[in-house]
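The sequence and structure come next.

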Amino acid sequence: MIVLGIETSCDDTSCAVYDSTTVLSNIVSTQIVHNSFGGVVPELASRAHITMIDAVLSQALKEAGIVLSDIDGIGVTYGPGLAGSLLVGLSYAKGLALSLKVPFVGINHLEGHIWANKLSDPDVEPPFIILLASGGHTQLVFVGEWGTYNTLGATRDDAAGEAFDKVAKLLSLGYPGGPHIERLAKEGDTSYIKFPRAYLDPLKFDFSFSGIKTAVLNHVTNIGPEKAAEHTADIAACFQDAVTEVLVKKTCMAAKRMDVRQVCIGGGVAVNSALQQRMQSVLAKENIKTLVPPPALCTDNGAMIAAAAHFYLSRGTASSMRLAPNVSLNLPRSDQQ
Ligand code: KG4
Ligand code: ZN
């Protein structure tokens with residue numbers, strides 16, 4: 001079965017071709033139109049998806065060495081995400097499915113990030129815990145079996161990536177902030193200052209990242225612009241240290257609570273090598289394996305949507321033409337089946 005995956009939930013336009021075992025192509029066009037705004041501008045994002053999607057699809061078909069008529073089914077993200085952006089991909093997928101007379105299935109973006117781990121390591125099987133950390137989400141999910149998920153905890157305010165972006169902005173670094181902070185943090189001293197770690201209820205798996213953002217802002221304001229410029233790398237290192245510590249500790253706690261031997265990660269923040277190394281070293285001590293997908297499978301991409309779609313289409317599950325975008329779609333829960 002040849003599946004086309006389409007992802008347009010935020011600021012990446014992506015199409016990928018998956019042949020049930022191999023990703024034949026995975027083309028991602030990242031919108032740079034938002035960089036000067038320090039965040040994604042929804043209206044600009046949906047327009048850019050419309051402009052790019054034809055070219056991204058053509059490139060995906062070309063690289064996979066197939067033509068449109070070779071496609072057996074289509075998977076498309078229908079939530080969560082930005083309404084206008086989701087609508088572009090979903091409408092495009094419906095049009096293609098109608099004209100090619102093939103089924104299409106709407107995919108939850110977060111479930112896509114979970115499936116990215118299966119593409120990275122075909123041997124991965126539930127049960128496992130996954131930490132999803134991106135610009136829009138931070139949650140810990142228990143995957144008991146493919147297709148049904150238990151969200152153990154989530155952020156109560158900012159997502160981890162959002163905190164990276166906001167702190168980068170107040171340090172006058174570029175957008176997206178994560179890569180800038182990671183690069184600078186390598187030259188910084190993690191003992192410069194201890195920013196607060198929000199563990200909330202230590203027995204629960206919820207996160208909060210708005211407090212640390214305010215702590216960084218207060219510190220920068222207190223020391224003044226000259227000292228802040230002098231210590232930018234130190235501040236970046238201490239901020240990254242605090243965020244990764246909380247993410248790793250809570251993930252480890254979740255893995256132990258659910259008694260799993262495997263942890264996966266996904267989302268743009270999962271690209272962070274300090275987070276990856278910390279996760280691997282803390283979990284290894286507990287005899288728990290960490291799967292780290294390559295960066296192209298951590299960030300938003302069509303291949304993960306195609307992999308999830310393959311799972312549903314091969315079981316005969318397809319969506320109706322009435323499917324609408326759902327900006328706040330939750331993962332399908334195991335206790336709702
Ligand atoms: O998953 P993603 O590509 O898009 C969604 O938000 O769905 O994640 C983007 C987020 C941004 O907030 C960005 O700053 C963050 O991931 N990010 C990173 C790194 N690379 C991207 N955060 C920390 N370290 C990185 N190396
Ligand atoms: Zn994402």
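In what order do the five strands of the open sheet lie? The order is 3-2-1-4-5, and the pairing is mixed. The model is predicted, so local features need pLDDT of at least 70 and side-chain atom pairs count only at pLDDT 80 or more, while totals for chains, interfaces and linings use all residues. Residues are numbered from 1 along each chain as its sequence is written, chains are lettered from A and ligands numbered from 1 in the order in which they are written, and side-chain values use heavy atoms, with hydrogens and water left out.

**The open sheet**

Strands (E, at least two residues) and helices (H or I, at least four) are DSSP runs numbered from the N terminus, and two strands pair if DSSP finds at least two bridges between them. Strand 3 (23-30) and strand 5 (104-108) are at the edges; each has a single partner strand, so one side of each lacks a neighbour in the sheet. From one strand to the next the twist averages 20°, where axes are lines fitted to C-alpha atoms, for helices over the stretch in contact, and angles run from 0 to 180 degrees between N-to-C directions.

Helix 2 (residues 83-100) packs on the sheet and touches strand 1, strand 4 and strand 5; its direction makes about 160° with that of strand 4. Helix 10 (residues 302-313) also packs on the sheet, at about 130° to the direction of strand 1.

Gly75 lies in strand 4 and is buried, with a relative accessible area of 0%; buried means under 20% relative accessible area, exposed over 50% and partly exposed in between (1.4 Å probe, protein chains only). Leaving aside neighbours within four places in sequence, the contacts of Gly75 (heavy atoms within 4.5 Å) include Val3, Leu4, Val105 and Ile305.

**Parallel pairings**

| Strand | Partner | Bridges |
|---|---|---|
| Strand 1 (residues 3-7) | Strand 4 (residues 73-79) | Four |
| Strand 6 (residues 128-133) | Strand 9 | Four |
| Strand 9 | Strand 10 (residues 289-291) | Three |

Leu4 stands opposite Ile74 in strand 4. Opposite Leu132 is Gly266 in strand 9, and Gln262 faces Lys289 in strand 10.

Strand 9 (residues 262-266) is largely enclosed by the rest of the structure, because five of its five residues are buried. Gln262, Cys264 and Gly266 point one way, and Val263 and Ile265 the other. In a regular strand the side chains alternate between the two faces of the sheet.

**Cysteines**

The structure holds zero disulfides, a disulfide being a pair of cysteine sulfur atoms within 2.5 Å. Cys264 is buried at 0% relative accessible area, and Cys298 is buried at 1%.

**The zinc site**

Which residues coordinate the zinc ion (ligand 2)? They are His109 (NE2), His113 (NE2) and Asp300 (OD), at 2.1 to 2.2 Å. Donors are N, O and S atoms within 2.8 Å of the metal (3.2 Å for Na, K and Ca), and water is not among the atoms, so sites may look incomplete. The spacing of the donor residues in sequence is H-x3-H-x186-D. His109 and His113 are four residues apart in helix 3 (residues 109-120), so about one helical turn separates them. His109 and His113 are buried.
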